[in-house]
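Colleague: Please take one part of this structure and examine it closely, residue by residue. Then place that part in the wider setting of the links and contacts found elsewhere.

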Amino acid sequence: MTPLAKRSLGLLLSLTLLAGCASFPEAEPLEHVDTGSGYRYANLEGADNSEELFVILSFSGGGTRAAALAYGVLERLRDSWVEMDGESRNLLDEVDIISSVSGGSFTAAYYGLHRDAIFEEGGRFQRDFLYRDVEADLKRRLLSPFSWARLASPTFGRIELAEEVYQSLLFDQATFADLSDNGRKPFLLINATDMDKGSQFSFVQSQLDPMCVDLESISLSRAVAASSNFPIAFTPLTLNSYPGRCGYVEPPWVANALQGLNTNPRRYYRARHWQRYQEPERDYVHLLDGGVSDNIGLRPALDALRAPTLQEVEWSVLNKMNREIVDKLVVIVVDAKPENPTPDADTSPRSPGPRQVINTISTTPLANYSFDTVELLRETLRDRENAQRLSLDAGTGMHQIDLYYIYVGFDQLEDATRRERFQRIPTRFNLPTEEVDGLRQIGAELLEQSPCFQQLVGQREGSGGRLCSH
Amino acid sequence: MAEYLKVVFPQRREVWIDGEPAAWTQSVCQVDAGWYTLTLAPPQDFAPESQRVEITDTLPSAPLVVEFTLKEPGP
């Protein structure tokens, strides 16, 4: 054998070994369920964040467009103050929940981990994510021969390469244990989609309890990769599951919900999905982009406004309303929704091409579902306001809560040229500096201009259980 | 679907739904439609011990009313 042939054979053997060894990082099993530990809402301290004022933020998907818009909203909240009981409180410190999807999850996770360091001008988040060509990093990683060998393994996919990129750029070795150790709100809901159930999958310990998985062994970069795991571009992300190995006891709400297929099918199916995580043969869960099941990240908030117990939704805001803990509820929806994918199609008799058709079928159902989700939230809050008023008139003693619904989206821009400029920014992980600057500015501006936001920060007294919706 | 429940008891006491604190007696609370197991916070001086109810077709002005009574102290 010639020296060249020997070297080639050696290289081939090395690559084969590498491929054989390559696999996704395994999540560790949970020895036993302990509600007093792990990344759970109840385990975060609320010392400087009162639940009397309960603030929920939702960050939509949409690549860097969504991340930068959410960033602008955080910047504005950082500079805003609200009066509660004669005390001035910083609004960003009062945020209890951030629920995010896809591009929005980068901003949410980095803020949850590093808090105000996210705002450092020229700092890591700006330099290595918002203003960076992350797509080039992803392509470089994909084109490396080292990656090809690993991609030959059936348990190592393109999503693992993406996770490595996000780890090196933003999150290092941080896991959910770091968020638990941090111990402060906001409680992050980084949302992906469970392929098998078609339902939302949030990276919180209560979601992983029936799977007997220790969330603290999972890296933040992996959760963010799952949340932004755009189908086809990346491979589904696999999580281990160890059902039946941690003494998990099904909470009472599940059996009750399973009695109500006709009374409350939504609750019934949530219970059915919950049970499926406990099925002994399900040793893996496969995750896709959170946007596939809810591209606006609002479904968890809707669940928290419906479920009356903390066993059903661990941060149930309805439970806190019924127990008279919450006096003021603020929901801020940050929606980086783009324009219609075929805005000029109707100006020509020519049939739109395959690319436009694919664009339409891949984005329109998500956009329509997001629209309905936002409307459902608004109706839910409106119903609560009406219920409070009726109860007040009837003297039945329902707790009166001031309700604020604030929507930050490009369609709130009155100027058509500006509106279209932002709506036409593509969903990418590489945007020009002026676009990122513009998105940050518009996020802050749209929040600032919201009449309900102005009412929230300008008000000294409660509004007597009214809903402000704008 | 939002439904409404009022638990009546001679004292103000926490109402437990499915085994956890979830509301207060004498006040209307909001729940999701469906089946629930209701009881009160300790002390165990009330009857019955628990009640399983289906909450549906209620209004804030006409909630499902569930009553617990104070037990007579034993001899």
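Modeller: In this predicted model, leaving aside residues up to four places away in sequence, A:R40 touches A:V33, A:D34, A:T35, A:F187, A:Q205, A:S206, A:D209 and A:E314. One of these neighbours, A:D209, is joined to A:R40 by a side-chain polar contact of 2.7 Å. A:R40 is placed in the loop between helix 1 (3-21) and strand 1 (53-59) of chain A. The relative accessibility of A:R40 is 6%, below the limit of 20%, and therefore A:R40 counts as buried.

Over all chains, the whole structure has 2 disulfides. In one of them, A:C212 is bonded to A:C246 with an S to S distance of 2.1 Å. This link of A:C212 and A:C246 is left-handed, with -70° about the S-S bond. A:C212 belongs to the loop between helix 9 (205-208) and helix 10 (220-227) of chain A, and A:C246 to the loop between strand 7 (237-240) and helix 11 (252-257), so the bond ties together parts 34 residues apart in sequence. A:C212 is buried at a relative accessible area of 1%, and A:C246 is buried at 4%.

The disulfide of A:C452 and A:C468 has an S to S distance of 2.2 Å. Because the torsion about its S-S bond is about -90°, the disulfide of A:C452 and A:C468 is left-handed. Here A:C452 comes from helix 18 (residues 451-458) of chain A and A:C468 from strand 11 (residues 467-469), so the parts tied together are 16 residues apart in sequence. Both A:C452 and A:C468 are buried. Counting bonded cysteines along chain A, the pattern of its disulfides is 1-2, 3-4.

Next come the charged pairs. The whole structure holds 40 salt bridges over all chains. In one of these, the closest N and O atoms of A:R141 and A:E164 are 2.9 Å apart. A:R141 lies in helix 5 (residues 134-143) of chain A and A:E164 in helix 7 (residues 158-171), so this bridge ties together parts that are 23 residues apart in sequence. A:R141 is partly exposed, at 27% relative accessibility.

A network of salt bridges links A:D194, A:D196, A:K197, A:R276, A:E279 and A:R282. Within it, the side chains of A:K197 and A:D194 meet at 2.9 Å, N to O. A:K197 is buried at 12% relative accessibility, and A:D194 is buried at 1% relative accessible area. A:D196 forms a salt bridge with A:R282, with closest N and O atoms 3.4 Å apart. A:D196 sits in the loop between strand 5 (187-194) and strand 6 (199-202) of chain A, while A:R282 sits in the loop between helix 12 (265-276) and strand 8 (284-289), so the pair ties together parts 86 residues apart in sequence. A:D196 is partly exposed at 39% relative accessibility, as is A:R282 at 25%.

Over residues 57-302 of chain A, 43% of the chain is helix and 16% is strand, and the end C-alpha atoms lie 12 Å apart.

Chain B places 28 residues in contact with 28 residues of chain A. Between them, chain B and chain A bury about 2400 Å², of which 46% is on carbon and sulfur atoms. B:D18, B:Q30 and B:D32 supply 25% of the area that chain B buries against chain A, more than any other three residues. B:D18 also forms a salt bridge with A:R267, with closest N and O atoms 4.0 Å apart. In total, 3 salt bridges are counted between chain B and chain A, and 18 residue pairs are in polar contact, both residues being at pLDDT 80 or more. On the side of chain B that touches chain A, strand 1 (2-8), strand 2 (14-17), strand 3 (20-24), strand 4 (28-32), strand 5 (34-40) and strand 7 (51-55) of chain B each supply at least two residues. B:C29 is buried, at a relative accessible area of 3%.

Methods: Residues numbered from 1 in each chain as written. Chains lettered and ligands numbered in written order. Predicted model: local features only at pLDDT ≥ 70, side-chain atom pairs only at ≥ 80, totals over all residues. Heavy atoms only, no water. Helix = DSSP H or I, 4+ residues; strand = E, 2+ residues; numbered from the N terminus. Buried < 20%, exposed > 50% of the residue type's maximum accessible area, 1.4 Å probe, protein only. Polar contact = N/O pair within 3.5 Å; in protein donor to acceptor, adjacent residues only side chain to side chain. Contact = heavy atoms within 4.5 Å. Disulfide = S-S within 2.5 Å. Buried area = accessible area lost by both parts, 1.4 Å probe.
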